[in-house]
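Good morning, colleagues. Please take a moment with the sequence and the structure before we go through selected parts of the fold together.

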Amino acid sequence: MESFVYSYPTKVYFGHEAAAVHLPGILAEYGPHVLLAYGGGSIKTNGVYDEITGLLKAAGKTVTEFTGIMPNPTWAKVKEGAQLACTCHADLVLAVGGGSVIDCCKIIAAQAVTDVDLWDLEMVQHKALAVKPIPLGVVVTASGTGAEMNGGAVITNEESKIKGGMFASAPQFAVLDPAYTLSLPRMQVLSGAFDTLSHAMETYFGHSDRDNVSDEVALAVMRSTVVNMRALLRDINDLTARSNLMWTSAMAENGILKVGRTTDFECHQIEHQLGAYTDCNHGQGLAVIHPAYYRHICKDAAPKLARMSTPK
């Protein structure tokens with residue numbers, strides 16, 4: 001194991017009816033103004049919107065809605081959301097959705113508290129924001145990215161054709177109810193699961209090949225992800241498999257797999273630029289890149305590939 005410092009900022013509420021059980025108490029800890037952010041509106045057809053807005057109303061919150069966050073969220077969308085958060089004096093940004101919505105809101109929560117352009121600050125000047133962001137909470141409706149478990153966000157700058165990772169605001173809390181994922185299209189579910197697999201694999205094939213606990217955990221996450229993806233191929237509505245995939249998604253990106261080792265997330269770096277030019281589905285882009293990448297490194301990585309493929 002390499003030396004490391006580990007901390008974990010997000011409190012997780014996982015399970016059946018997690019929002020109804022826990023959100024009223026959580027909301028009491030924040031001020032009256034909430035920026036409710038979501039994507040294309042699917043939460044209005046599956047009942048999630050009605051439940052969350054009902055809980056916000058019961059908590060006495062003044063809600064401003066920010067909608068239309070797209071897959072591969074753009075810097076322009078971030079700036080739009082940040083302006084709205086300022087206008088409504090948001091005390092809490094509540095992101096309801098998958099990784100794209102959550103990533104967009106991470107930067108919104110930070111950009112809203114400063115006049116400094118965060119893209120320029122971080123991507124050009126390579127400096128970090130010194131101001132505390134607006135508190136951020138998330139309700140996950142699509143798992144795979146693990147975005148709810150860290151402060152990183154992937155944003156596309158359409159003008160410069162760059163899609164890259166930024167660091168801003170880690171969620172203070174995350175509500176994970178596997179039932180919220182049941183209305184997702186089949187391909188979106190499987191693409192998200194491959195993203196989880198990719199996170200674990202790219203960490204596992206990172207630097208430091210000495211035996212370490214992080215590798216053992218990564219292997220367990222990979223095996224569980226594959227087993228449950230296969231279960232969904234048999235029955236896409238298997239709630240046990242959905243539950244397991246929601247948690248492997250979280251485990252793959254809460255930092256546990258990375259302690260004691262380093263990775264540059266090699267396939268992700270390639271896919272980000274592919275996405276910047278083609279706006280492709282993230283998980284599907286990774287699924288195209290991974291086989292080619294591992295054929296390229298197979299000789300150097302033969303022992304780790306063999307270990308990964310050994311049944312337990």
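Predicted model: local features only at pLDDT ≥ 70, side-chain atom pairs only at ≥ 80, totals over all residues.

Let me begin at one end of a helix: asparagine 281 caps the N-terminal end of helix 10, with a side-chain oxygen 3.0 Å from the backbone nitrogen of glycine 283.

Helix 10 covers residues 282–297. With 16 residues at 1.5 Å a residue, helix 10 should span 22 Å, and the distance between its end C-alpha atoms is 22 Å, so the two agree. Where does helix 10 bend? The bend is at isoleucine 289 and amounts to about 30°; proline 291 follows within four residues. Isoleucine 289 is also one of the buried residues of helix 10, among them His282, Gly283, Leu286, His290, Tyr293 and Tyr294. Against what do the buried residues of helix 10 pack? Their partners are strand 7 (162–167), helix 6 (186–204) and helix 9 (266–278).

Let us follow the pairings from strand 1. Strand 1 and strand 8 run parallel and are joined by 4 bridges; here lysine 11 has phenylalanine 173 of strand 8 as its bridge partner. Strand 8 is likewise joined to strand 5 by 4 bridges, again in parallel, and valine 138 stands opposite alanine 174 of strand 8. Are the residues on the two faces of strand 8 buried or exposed? Phe173 and Val175 on one side, and Ala174 and Leu176 on the other, are all buried, which leaves both faces covered.

Moving on, strand 5 (residues 136–140) pairs with strand 4 (residues 92–97) over 5 bridges, in the parallel sense. Within this pair, valine 96 stands opposite valine 139 of strand 5.

Finally, I would like to consider two loop residues. Serine 169 lies in the loop between strand 7 and strand 8, and so does glutamine 172, where strand 8 comprises residues 173–176. How accessible is each one? Serine 169 has a relative accessible area of 6% and is therefore buried, the cut-off for buried being under 20%. Glutamine 172, with a relative accessible area of 34%, is partly exposed.

Setting aside neighbours within four places in sequence, serine 169 is in contact with Lys106, Ala109, Pro133, Ile134, Leu136, Asn150 and Gly151. Glutamine 172, not counting residues up to four places away in sequence, touches Pro9, Thr10, Lys11, Tyr30, Pro135 and Leu136. Which side chain makes a polar contact with that of glutamine 172? The partner is tyrosine 30, at 2.7 Å. As for valine 101, glutamine 172 is 71 residues from it in sequence and 16 Å from it in space, C-alpha to C-alpha.

Thank you for your attention.

Notes:
Residues numbered from 1 in each chain as written. Heavy atoms only, no water. Expected span 1.5 Å × (residues − 1). Bend = angle between axes of the 7 residues up to and from the residue. Buried < 20%, exposed > 50% of the residue type's maximum accessible area, 1.4 Å probe, protein only. Contact = heavy atoms within 4.5 Å. Polar contact = N/O pair within 3.5 Å; in protein donor to acceptor, adjacent residues only side chain to side chain. Pairing = 2+ DSSP bridges.
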